[in-house]
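Q: I would like to learn how to read a few features of a structure like this one, starting with charged side chains. Could you take me through them one at a time?

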Amino acid sequence: MMKKFIAFQNHDRSLVIGALIGNFFPDFGMTLRPIGDGFIRWIKMIVVPIVFSTIVIGGSWKWRDEEKGQPWIKDNHLV
């Protein structure tokens, strides 16, 4: 439980530091913008394929062949 609390403290510190930099040093904050934009793009690049794969694989389990007991996607050798 203590480690979880420390992680939240670090997150809070980061938010405060970011707000202070943006408020008192806006030019420096703008130079850091490409790093933040790159991080957001990286997160989107990771999350979108995981969500898509989860939906496709979950849907394939819905339409399974009752005789064989296998999911449709595995029965048709797609995986």
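A: Let us start with the rule for charged contacts: a salt bridge is a side-chain nitrogen of Lys or Arg within 4 Å of a carboxyl oxygen of Asp or Glu. Please keep in mind throughout that this is a predicted model. By this rule, the count in the structure comes to one salt bridge.

Q: How should I read a pair of aromatic rings, and how many aromatic pairs does the structure hold?
A: In general, a pair of aromatic rings is described by the distance of the centres and the angle of the planes. This structure holds one aromatic pair. It is formed by F39 and W42, whose rings lie 6.1 Å centre to centre with 35° between the planes, and the pair is therefore described as tilted. F39 and W42 are separated by about one helical turn, because they are three residues apart in helix α3, which covers residues 33–62. F39 counts as partly exposed at 47% relative accessibility, and W42 is partly exposed as well, at 46%.

Q: Which residues make the nonpolar surface patch?
A: The patch, of about 960 Å², is made by F39, I40, W42, I43, M45, I46, V47, I50, V51 and I55. Patch residues need over 30% relative accessible area, and V47, which lies in helix α3, has a relative accessible area of 42% and is partly exposed.

Q: What share of the residues in the chain is buried, and what is the accessible surface made of?
A: Buried residues, meaning those under 20% relative accessible area, make up 6% of the 79 residues in the chain. The accessible surface of the chain comes to about 7,400 Å², and 70% of that area belongs to carbon and sulfur atoms.

Conventions:
Residues numbered from 1 in each chain as written. Predicted model: local features only at pLDDT ≥ 70, side-chain atom pairs only at ≥ 80, totals over all residues. Heavy atoms only, no water. Buried < 20%, exposed > 50% of the residue type's maximum accessible area, 1.4 Å probe, protein only. Areas by Shrake-Rupley, 256 points an atom, 1.4 Å probe, with all protein chains shown as cover. Phe/Tyr/Trp six-rings, centres within 6.5 Å; stacked < 30°, edge-to-face > 60°. Helix = DSSP H or I, 4+ residues; strand = E, 2+ residues; numbered from the N terminus. Patch = residues over 30% accessible without salt bridge, like charges linked within 9 Å, V, L, I, M, F, W, Y side chains within 5 Å.
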